[in-house]
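This report describes a single protein chain, from its overall make-up to selected side chains. The sequence and the model are shown first.

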Amino acid sequence: MRRLALPTLVLLTVALGGGAALAHYNGRATDDSAAPGPGTTTVTGAPTTDAPAPRPTTAKPKPKPDPTTRPATPKPPPKPKPSPKKTTVPQSGAGTFTTAQASGSAVGSGGSLRRYRVQVEDGIELSAHGAAAEIQRILAHPRSWAAHGRGRFQLVSQNADFVIRIATPDTADALCARQGLNTHGELNCETADGVVVNLKRWMLGSPTFVGEAAEYRHLIINHEVGHEIGIRQHMGCPGPGRLAPAMMQQIKGLNGCRSNAFPYDEDGSYITGPIVS
């Protein structure tokens, strides 16, 4: 009789072992982080490719900004300079005048007292009171007539010895024409009752005068008031490079002289020249 017990036992063992292994392989874990239980063997499958596993890459840290270094701030483009405002002088006005309601103390230390009032044509952007105050300062200037004994002057609003009128070019022409004078819309003049100042010259100065319009106003007043105190004739240039006399018609040309607004120089000497008219 043959012995079959041992092979049967081996076969049974192999069968049982294979079933257990198959049961373990078909199982699915519910948590990748779970640790294997006691007595459990973890089987790792072979890779499906011969390519080497990728090496871990180490990211380079970004440089930290330097807190002491400020980013450059772009400069804004320069703003364009505004064009100088042009002074517009009206060619004509109402033909009527407003008298400055102002008065002041007499200036000067010699000669007879000459009282004057100031009038400005209506409808123009010039204050009669402001113009009167400026003329008062001009006549009190240390290089003007009053400071050198050639007359005393006092601003009044009535009972004046003469009047200083500031008028538009057309009105100035009309007032000067009554004296037989042609001022061409450009010039000032002296009339029977005072002085006519062309608004254009008052506001803009003269193309032959080196200086601001405010300085040229000194020449206007000094020249015309010079006639009022008895200097009837005009003067010419005393020589190249020298100061032009206040009694010279400088707007008609300097003939080599330097433009000048005052009857006297800084040393107190009277600026004179040859008689021309």
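## Burial and the model

A residue counts as buried if its relative accessible area is under 20%, as exposed if that area is over 50%, and as partly exposed in between. Trp 145 has a relative accessibility of 0%, so this residue counts as buried. The model in which these values were computed is a predicted one.

Across the chain, which has 277 residues, 34% count as buried. The accessible surface comes to about 18600 Å², and carbon and sulfur atoms contribute 55% of that surface.

## Overall architecture

Five helices and six strands make up the secondary structure of the chain. Read from the N terminus, the order of these elements is α-β-β-α-β-β-α-β-β-α-α. Among contacts in the chain with a separation of 6 or more, 65% are between residues 24 or more positions apart.

## Strand pairing

Strand S1 (residues 97-99) and strand S2 (residues 113-121) run antiparallel and are joined by three bridges. Within this pairing, Thr 99 stands opposite Gln 119 in S2.

Strand S2 is also joined to S3, in this case by four bridges, and these two strands run parallel. Here Arg 114 has Phe 153 in S3 opposite to it. As a general point, side chains in a regular strand alternate between the two faces of the sheet.

## Aromatic pairs

How many aromatic pairs does a search of the whole structure find? The search finds five. In one of them, the ring centres of Trp 145 and Tyr 270 are 6.1 Å apart and the ring planes stand at 50°, so the pair is classed as tilted. Trp 145 is located in the loop between helix H2 (128-139) and strand S3 (152-155), whereas Tyr 270 is in the segment after helix H5 (213-228); the pair therefore ties together parts that are 125 residues apart in sequence. Tyr 270 has a relative accessible area of 30% and is therefore partly exposed, while Trp 145 is buried.

Another pair is formed by Phe 209 and Tyr 216, with ring centres 5.3 Å apart and planes at 65°, so this pair is edge-to-face. Both partners are buried: Phe 209 has a relative accessible area of 8%, and Tyr 216 has a relative accessibility of 5%.

## Ring cluster and arginine placement

Trp 145 and Tyr 270 also belong to a cluster, in which ring pairs link them with Tyr 264.

Arg 165 lies over the face of Phe 97, and the distance to the ring centre is 5.9 Å. Phe 97 falls within strand S1 (residues 97-99).

Thr 183 is situated in the loop between helix H3 (169-177) and strand S5 (189-191). Is this residue buried or exposed? Its relative accessible area is 3%, and Thr 183 is therefore buried.

Leaving aside residues up to four places away in sequence, Thr 183 touches Ala 172, Asp 173, Cys 176, Asn 188 and Cys 189. With one of these residues, Asp 173, the contact is polar: the side chains of Thr 183 and Asp 173 make a polar contact at 2.4 Å.

How values were computed:
Residues numbered from 1 in each chain as written. Predicted model: local features only at pLDDT ≥ 70, side-chain atom pairs only at ≥ 80, totals over all residues. Heavy atoms only, no water. Buried < 20%, exposed > 50% of the residue type's maximum accessible area, 1.4 Å probe, protein only. Polar contact = N/O pair within 3.5 Å; in protein donor to acceptor, adjacent residues only side chain to side chain. Contact = heavy atoms within 4.5 Å. Phe/Tyr/Trp six-rings, centres within 6.5 Å; stacked < 30°, edge-to-face > 60°. Lys NZ or Arg CZ within 6 Å of the ring centre and 35° of its normal. Areas by Shrake-Rupley, 256 points an atom, 1.4 Å probe, with all protein chains shown as cover. Pairing = 2+ DSSP bridges.
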